[in-house]
Amino acid sequence: MQFIDLKAQYSALKTDIDAAIHRVLDHGQYIMGPEVAQLEAALAQWVGVQHCVTVASGTEALLIALMSLGLKPGDEVITSPFTFAATAEVIVLLGGVPVFVDVEPDTANLDARQVAAAITPRTRAIMPVSLYGQVADMAEINDIAQAHGLPVIEDAAQSFGALYQGQRSGALSTWGATSFFPSKPLGCYGDGGALFTNDAELAQAAREIRVHGQSARYTHTRVGVGGRMDTLQCAVVLAKLPRLEWELARRHALGACYHQRLAGLNVGLITVRPDRDCVWGQYTVLVEGRAEVQAALQAAGVPTAVHYPKPLHQQVAYQAYAPAGGCPVAEHLAQRVMSLPMSPDLSEADQDQVVAALAAVVGPRA
């Protein structure tokens, strides 16, 4: 069993993906070829924003978003401690200060109720993470940000395609930033990412930053990076787009099936709020004695993963930014979260095997 079955996806799309790649090989425009603009137009329309800027990775998306906002050394950015390192990494790379606010125990997303108290005169932005494929409480976060004149960057690396109060993830704030890492809900065959905004000036800034700050060839109007998404990767994502609606429907169905079948077991489930859905970038549960549970599942032929085993404020690279008292909810979750196999092509037989193996280990809920 595959934890994420990318081979089955490729098999279903082989003709279209191969043709898309060969079109790039035939025209030879490997950097900023026509597929780049085609993908940006298609994604902007699909997400429901005026501007999409493709970039080299999800990490570059966050970095370029912060650069477009003029983040300076000493500026603070409020974010989650329970996420991949890239979220805080980009802040520190620019000399900024990540301000970690704890997460909700049932969704693992940034706790909007704690955000306002973390704002100081040095706060420059708020960066919530849409963890596991479910958007955070963006309405509440946006209201707080607006009251303090702050931009919001949604780290939507795991939630492309998710809906929140009728709008797509990525279209909910000043910037939406996503990743096309192969395992994401919409992935390429390498690294890639995108930014989404309705702000034309920010979009233009991001376009310049991704090509070393150039407004024209060899005309550098700002400090930038080498942050382009290459044409081949854009072609792959373009070929995958027509299947995305089906894949999202499968993710919803598989997630609902997991939820229903695991509800009676001795595991904790991630709550999906009623005003949004979840695309299950990872299907994650909470278990006691995780190492033993993982070993037993592995022996039964069921692969698992942990997203994430240690919150960022406890990582050596970021412990200097740990808040007083830590982030107890994130710390609790980090010791218990375990992700189960999830991809649109997960078969019913494989899901049956996962559920049966987990039930044999954890037993029924007391």
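Let me begin with a term: a residue is called buried when its relative accessible area is under 20%, exposed when the value is over 50%, and partly exposed in between, with a 1.4 Å probe and protein chains only. What we are looking at is a predicted model, in which local features need a pLDDT of at least 70 and side-chain atom pairs count only at pLDDT 80 or more, while totals for chains, interfaces and linings use all residues. Residues are numbered from 1 along each chain as its sequence is written, and side-chain values use heavy atoms, with hydrogens and water left out. Helices (H or I, at least four residues) and strands (E, at least two) are DSSP runs, numbered from the N terminus.

With that in hand, which residues of helix 4 are buried? In this helix, which covers residues 86-93, the buried ones are Ala 86, Thr 87, Ala 88, Val 90 and Ile 91. Their cover includes helix 3, strand 2 (76-79), strand 3 (97-100), strand 4 (123-127) and strand 5, where contact means heavy atoms within 4.5 Å. After helix 4 comes Gly 95, with a positive phi near 85°.

Four strands make up an open sheet in the order 1-9-8-5, with mixed pairing, and two strands are taken to pair if DSSP finds at least two bridges between them. At the edges are strand 1 (51-55) and strand 5 (153-155), each of which pairs on one side only. From one strand to the next the twist averages 20°; axes here are lines fitted to C-alpha atoms, for helices over the stretch in contact, and angles run from 0 to 180 degrees between N-to-C directions. Strand 5 pairs with strand 8 (residues 175-179) in the parallel sense, over 3 bridges, and in this region Glu 154 stands opposite Gly 176 of strand 8. Two helices pack on this sheet. Helix 2 (residues 34-47) touches strand 1 and strand 9 (193-197), and its direction makes about 130° with that of strand 1. Helix 3 (residues 58-68) touches strand 1, strand 5, strand 8 and strand 9, and its direction makes about 160° with that of strand 8.

Now to the charged side chains. A salt bridge is counted when a side-chain nitrogen of Lys or Arg is within 4 Å of a carboxyl oxygen of Asp or Glu, and by this rule there are 14 salt bridges. In one of them, Arg 122 meets Glu 76 at 3.2 Å, N to O. This pair links distant parts of the chain, 46 residues apart, with Arg 122 in the loop between helix 5 (115-118) and strand 4, and Glu 76 in strand 2.

Elsewhere, Glu 104, Asp 106 and Arg 273 are linked in a network of salt bridges.

Finally, the aromatic rings. Rings of Phe, Tyr and Trp (its six-membered ring) pair if their centres lie within 6.5 Å, and planes under 30 degrees apart count as stacked, over 60 as edge-to-face and the rest as tilted. The whole structure holds 8 aromatic pairs. Tyr 10 and Tyr 189 have ring centres 6.2 Å apart and planes at 70°, so this pair is edge-to-face. Because Tyr 10 lies in helix 1 (residues 6-27) and Tyr 189 in the loop between strand 8 and strand 9, the pair ties together parts that are 179 residues apart in sequence. For Phe 160 and Phe 196 the centres are 6.1 Å apart and the planes at 35°, so that pair is tilted. Both Phe 160 and Phe 196 are buried, and together with Trp 46 and Phe 180 they form one aromatic cluster.
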